[in-house]
Amino acid sequence: MTAKVEIYSSQFCGYCARAKALLSKKGVEFVDYDILADSSLRDEMVKRAGGRTSVPQIFIDDRHVGGCDDLHALDRSGGLDPLLRV
């Protein structure tokens, strides 16, 4: 069973694109919440992310992973694949 992956992003964000590219490269489906299209999602993101306001903010099985750099660091350390169950 694959993990539930959610990403809060905005349309013109390079870091968001990098994070999504890594997840796509791993064959992971994710729910993408565009915080510019729906401003209520920004409040939800900030609450879930412990006050972090930058995008992207990534969650795996409701666990806050962080942003793009955090996701890539987790991948480099070998910790991402077990969370994704890929």
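Two strands are taken to pair if DSSP finds at least two bridges between them, and strands themselves are DSSP runs (E, at least two residues), just as helices are runs of H or I with at least four residues, numbered from the N terminus. The structure is a predicted model, in which local features need pLDDT of at least 70 and side-chain atom pairs count only at pLDDT 80 or more, while totals for chains, interfaces and linings use all residues. Residues are numbered from 1 along each chain as its sequence is written, and side-chain values use heavy atoms, with hydrogens and water left out.

Four bridges join β3 to strand β1 (residues 5–9) in the antiparallel sense; in β3, Ile60 is the bridge partner of Val5 and Ile58 that of Ile7. Strand β4 (residues 63–66) also pairs with β3 in the antiparallel sense, over three bridges, and here Ile58 stands opposite Gly66. Two residues lie between the strands of this β3–β4 hairpin, where Asp61 takes a positive phi near 50 degrees.

The four strands form an open sheet with mixed pairing, in the order β2-β1-β3-β4. Since β2 (31–34) and β4 stand at the edges, each has a single partner strand, so one side of each is left without a neighbour in the sheet.

Both faces of β3 (residues 57–60) are covered: Gln57 and Phe59 on one side, and Ile58 and Ile60 on the other, are all buried (under 20% relative accessible area, with a 1.4 Å probe and protein chains only).

Notes. Buried < 20%, exposed > 50% of the residue type's maximum accessible area, 1.4 Å probe, protein only.
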